[in-house]
Amino acid sequence: MFSREESKQIREQFWIFFGKRYPRKWLLYDTKVKEINLKFSFDNQKAMVSFDIETHDEVFREYYYDKFVSLKNLLKAEISEDIILEKDFLRSSGKIISRVYITKPDVNIHNKKNWPEVFDFFYENMPKFELFWYEYEDIIKA
């Protein structure tokens with residue numbers, strides 16, 4: 001078990017090493033749609049690449065989520081058959097968002113032996129999410 005400070009340091013190390021291994025500017029929060037972000041996540045159970053739809057306005061969240069649902073077949077073809085669309089995703093903070101994502105289960109950020117496979121998972125999948133965004137952002141924004 002790790003203390004809060006040790007856990008924080010391990011998480012920081014992971015992201016520093018990832019940034020050094022794959023030095024490039026990722027799209028992430030720069031979608032030009034404040035309600036939609038592209039995210040990397042890694043915790044003690046799984047790694048995830050996702051489009052997160054976050055807004056206090058339920059109508060906007062549903063609107064953007066429905067856009068992704070309408071593109072579901074393209075998401076499966078261009079990103080992964082295993083992509084998950086979840087309208088009401090409960091974050092650990094208690095906030096409900098909509099999320100479109102893929103996961104790599106059974107990896108733990110505290111286990112450095114998992115890091116190389118998670119680096120590869122992120123590096124293989126984030127560009128697919130970015131390309132999908134660039135290809136269909138006009139449809140999603142419209």
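1. Lys141 touches Thr31, Lys32, Val33, Tyr63 and Trp133, leaving aside residues up to four places away in sequence. The model in which these contacts are found is a predicted one. Lys141 lies in helix α4 and, with a relative accessible area of 33%, is partly exposed. In space its C-alpha is 10.0 Å from that of Ile36, although Lys141 and Ile36 are 105 residues apart in sequence.

2. Lys32, one of the residues touched by Lys141, is placed in the loop between α1 and β1 (36-42). Lys32 is not a glycine, yet it has a positive phi of about 70 degrees, and its relative accessibility of 62% counts as exposed.

3. Asp106 is found in the loop between β4 and α4, and its phi is near 60 degrees, a positive value in a residue other than glycine. At 72% relative accessibility, Asp106 counts as exposed.

4. Helix α2 (residues 58-70) and helix α4 (residues 115-141) have axes that come within 10 Å and cross at roughly 125 degrees. The crossing in which α2 passes α4 is right-handed.

5. Which residues make the contact of α2 with α4? From α2 come Tyr63, Tyr64, Lys67 and Phe68, and these meet Phe132, Trp133, Ile139, Ile140 and Lys141 in α4. By residue class, this contact divides into seven nonpolar, no polar and two charged residues.

6. Turning to charge pairing, the count of salt bridges in the model comes to 13. In one of them, Asp120 pairs with Arg21, and the closest N and O atoms are 3.6 Å apart. This pair links distant parts of the chain, with Asp120 in helix α4 and Arg21 in helix α1 (residues 4-21), 99 residues apart. Both partners are partly exposed, Asp120 at 31% relative accessibility and Arg21 at 40%.

7. A salt bridge also joins the side chains of Asp88 and Arg61, at 3.2 Å from N to O. Asp88 belongs to strand β3 (residues 84-90) and Arg61 to helix α2, so that distant parts of the chain, 27 residues apart, are linked.

8. Lys104 has a relative accessible area of 22% and is partly exposed, as is Glu117 with 36%. Elsewhere, salt bridges that share partners join Lys39, Asp52, Glu54, Arg91, Lys95 and Arg99 into one network.

Definitions and conventions. Residues are numbered from 1 along each chain as its sequence is written. This is a predicted model: local features need pLDDT of at least 70, side-chain atom pairs count only at pLDDT 80 or more; totals for chains, interfaces and linings use all residues. Side-chain values use heavy atoms; hydrogens and water are left out. Axes are lines fitted to C-alpha atoms, for helices over the stretch in contact, and angles run from 0 to 180 degrees between N-to-C directions. Helices (H or I, at least four residues) and strands (E, at least two) are DSSP runs, numbered from the N terminus. A crossing is left-handed if the near helix is turned anticlockwise from the far one by less than a right angle, and right-handed if clockwise. Contact means heavy atoms within 4.5 Å. Ala, Val, Leu, Ile, Met, Phe, Trp, Tyr, Cys and Pro count as nonpolar, Asp, Glu, Lys and Arg as charged, and the others, Gly among them, as polar. A salt bridge is a side-chain nitrogen of Lys or Arg within 4 Å of a carboxyl oxygen of Asp or Glu. Buried means under 20% relative accessible area, exposed over 50%, partly exposed in between (1.4 Å probe, protein chains only).
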